[in-house]
Amino acid sequence: MRSKVVRLSALILILAIVLYPLFWMLGTSFKSPAEIASNIGLVPHQFTPGNFAEGWHKFDVAFGRFFLNSAMVATLTVLGNTISCLLAAYALGRLRFRLRGFWFALMIGTLLLPGHVLIIPQYILFRTLGLVGGDFPYLPLIVPHFLATEAFFVFLMVQFMRGIPRELDEAAVIDGANPFSVFRHVILPLSRPALVTTAIFSFIWTWNDFFRQLVYLSQLKDYTAPVALTLFIDSTSESSVGPMFAMSLLSLVPVFLFFVAFQRLLVEGINTSGLKG
Amino acid sequence: MTMAQMPVRPTEPVPPVPAAHRRGRVARRRRREDLAGYLFLSPWLLGLLGITAIPMLLSLYLSFTDYSPLIPVTESNWVGLENYRRMFTADPSYWHAVRVTVIFAVIAVPLKLAAALGVAMLLNKTMRGIALFRGLFYLPSLLGGSVALAIVWRGMFSGDGAFNAFLSFFGLTGKAWINDPTWALPTLMLLAIWQFGAPMVIFLAGLKQVPTELYEASSVDGAGAWRKFFHITLPLLSPVIFFNLVLETIHGFQGFTSAFVISNGTGGPVDSTLMYTLHLYKAGFVDLNMGYASAMAWVFLLVVGLITVVLFSTGRFWVHYSDSEVR
């Protein structure tokens, strides 16, 4: 009994430390400039919601535009990842064709490939194709996801599909189904949980992604939320700290909502595949 | 697929078919499966070729040139090993970046895994509220990689940040941690460790597989908590520890966002937060020295590959896969 109390107290203490930065962000985003310097506690004495309006209009382009850009890139990435990774996973996980083992091994190899290595040649490639900059500079961010380059998700779906009883395919084949109708009528409906997990992780990772967006987006109006947030750092005057925290907080809201809605699914997702969150 | 596995239609009686004819049918079916397989695989194959393989080879070539985006690829000059020579002998920042990245990975990864394992073990024995705790501990892993969180960290560890307020509570005076060459990197490490939730979830799943009879039996034999930890938990958990170690190490070497935000893109103060990927980014996209940055990328790839191989080969000595092992 006593050890139980000790354990629980330890857990609560650790949890308080872990969650402290988040509460501190919440509090700071409602503090006035004067208070940010003087009151370092969690709760603002003078509630200053004006930080949000100020942050929203801080730059020549309103923050709403940055959020829309982020949402668009994330949505298209979700679409690309779910479709292309599902197709690849069906081939690698369920079909028998020549060299399948070889391709599967290559896919596992790309799992461990550090993505930052490829950023420069990819940039050159997309530039040569005329896709960098212009009216719609997001193609280099989106196109790779329509080509199943996120091996994590291919792997996750292969693992998932291995759990679908093979008898279902075989029964369908006996009934005259070809690989396409098996995909359409057996695998696709049964893969829904894996698709949802992929979609949620794709959204969150793209929403948080910074490196690629920093490389490919150069016009203010094209910026996504993370790239726009870095603009605040350049102007380090005291008065912009509140608005900076307000916009940082806003940018985490979608991720937080996904977390609240799909917590169990996310936790199970990293368990089946060891995905990084 | 062997003949035995071939699905036959049980409803129609199978007529005796001449062997040659049957071979033809098998071949046709195989061709059809090949076709379907490669059709479904085609987006991935295209990506493998266009987004991964060709860029990799291109960057290998570029690493021997003085390519810059200001001039067309065709007009860049072959410079042989010059980029590599410069990297190893004439760019002091390069070695700073290597040092910073290695220190970061060597310290932050084990501490993160230790935190993950510790909290997982605390949670494993807790009956009620485990899902809630697990979820809340996992939350930082979802948020921590973002620019927003790096901004928060920057604020917390600045001169008048929350951390110093906490210290003053104990009568201590802090400093502007992120502006101090000694303390800026530990601040980054702390942000990485803070995200221990993802490996924790994996540890927790592993701990659930350890048979409780083992602990009971060892209690009967008079083993204490430490002995149980070192003789039961650690060995049985070693495959999961290994898995987390590989993932976190590779991940740790690639830290970019937090270093970029906390140093405002400079890697400073005095290169103390110049993670390898940040140095690579600066060489390629700020100095527009893409040939040089490509050389850096290839060395990075080789070193990370080497470390993975080393991890896997040492794994044989301490990772236990037994019949009654975890999962």
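Predicted model: local features only at pLDDT ≥ 70, side-chain atom pairs only at ≥ 80, totals over all residues.
Where the two touch, domain 1 of chain A puts in ten residues and domain 2 of chain A puts in eight. On the domain 1 side, the elements giving two or more residues are α1 (2-28) and α2 (33-38) of chain A.

Okay, now chain A against chain B. Here 73 residues of chain A are in contact with 79 residues of chain B. If you sort the chain A side by class, you get 52 nonpolar, 14 polar and seven charged.

Next, the cores. The largest nonpolar core has 123 residues, and the ones touching the most other members are B:Ala116, B:Leu188, B:Met200 and B:Met296. Helix α3 of chain B, residues 92-124, gives the largest share, 14 residues. And domain 1 and domain 2 of chain A both contribute residues, so this core lies between them. Apart from that one there's another core, of 32 residues, with A:Leu86, A:Leu92, A:Leu156 and B:Ala36 among them.

Let me zoom in on B:Met200. Leaving out anything up to four places away in sequence, B:Met200 touches B:Ala116, B:Val119, B:Ala120 and B:Phe137.

Last stop, helix α5 of chain B, residues 147-156. How many of its ten residues are buried? Ten of the ten, as it turns out. The buried residues include B:Trp153, and also B:Arg154 and B:Gly155.

Conventions. Residues numbered from 1 in each chain as written. Chains lettered and ligands numbered in written order. Buried ≥ 20, exposed ≤ 12 C-beta atoms within 10 Å, placed from the backbone. Helix = DSSP H or I, 4+ residues; strand = E, 2+ residues; numbered from the N terminus. Core = buried A, V, L, I, M, F, W, Y, C linked by C-beta atoms within 7 Å. Domains from an automatic or database assignment. Contact = placed C-beta atoms within 7 Å. Nonpolar A, V, L, I, M, F, W, Y, C, P; charged D, E, K, R; others polar.
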